[in-house]
Amino acid sequence: MKPNRPVILGPKLTANWIARRKWVKRSNENRTDRETGLQLSSETASTPNYEYLNEQYGSLAVPTAFCDQKDKYGSQLRKTLPFEHSLLQFKKDGGRSTLVYPKDMHLFRDRPSVKAYETPELFMDDWLNLYVMEVEGDDFRFVYMGADRSTTPLHTDVYQSYSFSVNICGTKRWLFISPEDALAIAARYGSPEMPSWIRYDDFQPGGPLYDLRSKILDTLQREGETVFVPSGWYHQVENIGVTLSINHNWCNASCIEYMHNALHAEYARTRESLQDLLDDGITSRERFSEVVDEVVAANYGWTWKKFWAMIEHYLRRIRLHEPRKKTTDTPMWNIPPQFIPPWSYDASALNRIFERDGNKVPSSVLSTFQQCENKVCQ
Ligand SMILES: O=C(O)CCC(=O)C(=O)O
Ligand SMILES: [Fe+2]
């Protein structure tokens, strides 16, 4: 994780997942890819088990993207629909007649009694879900079920967290661009912003990205494989055949400094865009910082308050072994010790953040950190 590069892990990592058995049906026919005519290996020849998924999750209302329609902001149109609508349609047409993409579905939060998988140990040192699940009763664990050719536009992940995506069925084509290369790529489209989609022709001879093609990672994720999405990397996805995947957004000491940087940048942008309120005497200084907080919360989804609360929660639960405050339905966080980094690793990342923020670090975070230091020194 520390090198912050994309990785694909083989199917063994999730071989014992219930979802990999119950969510799919194996078909005997060998399938070919419609575009390339290539034979897909028999391992990929499975279809979602629509009956099972419908039984367990069909009645849940889920965000559903229509990949060929735009909302008023130019993003993919999204509607909240019962999952069974898409399940029935895909069952009928093999996901070939519309570009429907139910995504960011909180199936595990909303049906906690249905067992589907265990988080691989490699991804268990997760400060984000520990906090969000135990304190807010929400989660960053998602399911995606895409029609053939459905897409997720080019983006970076929420709060610049990591994600991992396990493909249960079908094939995904991913493009990755590092944060360092983003400006150069965007400039080729005449903009400081990245486009919402990079066409595959754009990095072929004659395309605007041809000479930058070595900066684009173009890769296939097949059934059973896990993709690790590093912090701050741009990525886009196209589904080949009906795909079904499980993913988490998550974070720990290895990416906390990127997330801290990104939150600083978001606050700076927001302060700048609202500066007139101060200059024109419309708000007081105190009120101004409250307004900035509110706007960051609305646009970005979290604030310093939550950022620090997440860190403190991690320190208390994992480093100081404090019990959970409320009883929640969430699974216990039994991270095998060898998957928790040495305290010095967490401490040095946190110390660099404390140094940058000086007296803005909440005192409860500093005192909790000190307790961790004392515990280690005992
Ligand atoms: O599979 C997809 O469509 C998108 C997945 C994604 O963006 C992620 O895992 O971060
Ligand atoms: Fe993503």
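Which residues does Val242 touch, not counting residues up to four places away in sequence? They are Thr47, Pro48, Phe90, Gly94, Gly95, Gly146, Ala147, Asp148, Cys169 and Gly170, with contact meaning C-beta atoms, placed from the backbone, within 7 Å. Before going on, keep in mind that this is a predicted model, where local features need pLDDT of at least 70, side-chain atom pairs count only at pLDDT 80 or more, and totals for chains, interfaces and linings use all residues. Residues are numbered from 1 along each chain as its sequence is written, while chains are lettered from A and ligands numbered from 1 in the order in which they are written.

Val242 sits in strand 12, residues 234–250 (strands are DSSP E runs of at least two residues, numbered from the N terminus). Val242 counts as buried because 22 other C-beta atoms lie within 10 Å; the cut-off is 20 or more. Its C-alpha is 5.6 Å from that of Gly170, 72 residues away along the chain.

Strand 12 also matters for the ligand 1 shell, giving the most to it with four residues. Among the residues around ligand 1 are His235, Val237, Ser245 and Asn247, where a shell residue has its C-beta atom, placed from the backbone, within 6 Å of the molecule.

Now for the largest nonpolar core, which has 58 residues, with Trp127 and Ile168 among those with the most contacts inside it. Such a core is a set of buried Ala, Val, Leu, Ile, Met, Phe, Trp, Tyr and Cys residues joined through C-beta atoms within 7 Å. Strand 9 gives the most to this core, seven residues.

Note on methods
Buried ≥ 20, exposed ≤ 12 C-beta atoms within 10 Å, placed from the backbone. Contact = placed C-beta atoms within 7 Å.
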